[in-house]
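Please open the structure in a viewer and keep the sequence beside it.

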Amino acid sequence: MNNNALAFTALSREYCDTLASASSGSPSRFVGSMLKLLPRIYIAASDLKPSAAMLLEEEDDSWLNPVLDEQAYDDVRASVAVLMGEEDVFLEVFEEDMKYSETPVAASISESLADIYQQLFNFLYTVADSTDDVIDSAILAVRTSFKEFWSQTLLNVLRALNHLLAAGLLPADSDDEGMD
């Protein structure tokens, strides 16, 4: 695994751990963590490069083992939704349906973060104790799903989280990390 893939894997682990423990923190600390992690994940995912041999194969042949079940997904989503409370919903401007609608399209921070969590959790599970070929295939698969799906989700939720912090909509912690 190259250095960027190692960095991406470490960031994926940190992200999954942060979401899994979201219920034990405060909204402002959680948002601060996400505002630091999400841009780094975006950069690392953008730079993911599988081995040269893997690039010759069809991208359709690469996949991530879908190990995160619906209950685990919903547990993560629900814990973030409870943590975010009324600030969980944001207006989505990049939704395809927005072109045809006169009403705003709502999205949720918790579901967006859980969608990313699902991709990264499946990636981590796939690469754990795997052969180089499986790791290369997983890197190709997560890179493809990033480009086609969750990169836009990441940017949309990053925008929503930034708005919460910038607009002062989060309760202050006495030991708040914020955007140090």
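This is a predicted model: local features need pLDDT of at least 70, side-chain atom pairs count only at pLDDT 80 or more; totals for chains, interfaces and linings use all residues.

Which backbone nitrogen does the side chain of Asn122 reach? Select Asn122 together with Val67: the side chain of Asn122 reaches the backbone nitrogen of Val67 at 3.1 Å. This is a polar contact, that is, a pair of N or O atoms within 3.5 Å, where within protein one must be able to donate a hydrogen and the other to accept it, and residues adjacent in sequence count only if both atoms are side-chain atoms.

Residues are numbered from 1 along each chain as its sequence is written, and side-chain values use heavy atoms, with hydrogens and water left out.

Asn122 lies in helix H5; helices (H or I, at least four residues) and strands (E, at least two) are DSSP runs, numbered from the N terminus. Asn122 is buried, with a relative accessible area of 7%. Here buried means under 20% relative accessible area, exposed over 50%, and partly exposed in between, with a 1.4 Å probe and protein chains only. Now select residues Leu64, Asn65, Pro66, Val67 and Leu68: Asn122 is in contact with these when its neighbours within four places in sequence are left aside. Contact means heavy atoms within 4.5 Å.

**The whole chain**

Zoom out to view the entire chain. It has 6 helices and 2 strands, and from the N terminus on the elements run α-α-α-α-β-β-α-α. Of the 180 residues in the chain, 44% are buried. Among contacts with a separation of 6 or more, 79% join residues 24 or more positions apart.

**Helices H4 and H5**

Two packed helices are described by the angle between their axes and the distance between the axes. Select helix H4 (residues 70-84) and helix H5 (residues 109-127): their axes come within 8 Å and cross at roughly 145°. Axes are lines fitted to C-alpha atoms, for helices over the stretch in contact, and angles run from 0 to 180 degrees between N-to-C directions.

Next, display the side chains at this contact. From H4 come Tyr73, Val76, Arg77, Val80, Ala81 and Met84, which meet Ile109, Ser110, Glu111, Leu113, Ala114, Asp115, Tyr117 and Gln118 in H5. The residues of this contact divide into 9 nonpolar, 2 polar and 3 charged. In this division, Ala, Val, Leu, Ile, Met, Phe, Trp, Tyr, Cys and Pro count as nonpolar, Asp, Glu, Lys and Arg as charged, and the others, Gly among them, as polar.

Val76 is buried, with a relative accessible area of 7%, and is in contact with Leu19 and Tyr117, its neighbours within four places in sequence being left aside. Val76 and Leu113 are 37 residues apart in sequence and 8.7 Å apart in space, C-alpha to C-alpha.

Met84 is also in helix H4 and is buried, with a relative accessible area of 4%. Not counting residues up to four places away in sequence, Met84 touches Phe30, Val31, Ile109, Leu161, Leu164 and Leu170. Select Pro27 as well: Met84 and Pro27 are 57 residues apart in sequence, while their C-alpha atoms are 6.0 Å apart in space.

Is Ser26 buried or exposed? Ser26, in the loop between helix H1 (3-20) and helix H2 (27-46), is buried, with a relative accessible area of 16%. A polar atom of its side chain lies 3.2 Å from the backbone nitrogen of Arg29.

Move to Asn2, in the segment before H1, which is partly exposed with a relative accessible area of 35%. The side chain of Asn2 reaches the backbone nitrogen of Asn4 at 3.1 Å and the backbone oxygen of Lys49 at 3.2 Å. The C-alpha atoms of Asn2 and Leu48, 46 residues apart along the chain, are separated by 9.1 Å.

**Asp129**

Finally, select Asp129 in the loop between H5 and helix H6 (132-166). Asp129 counts as exposed, at 85% relative accessibility. Most residues other than glycine have a negative phi. Asp129 has a positive phi of about 55° although it is not a glycine.
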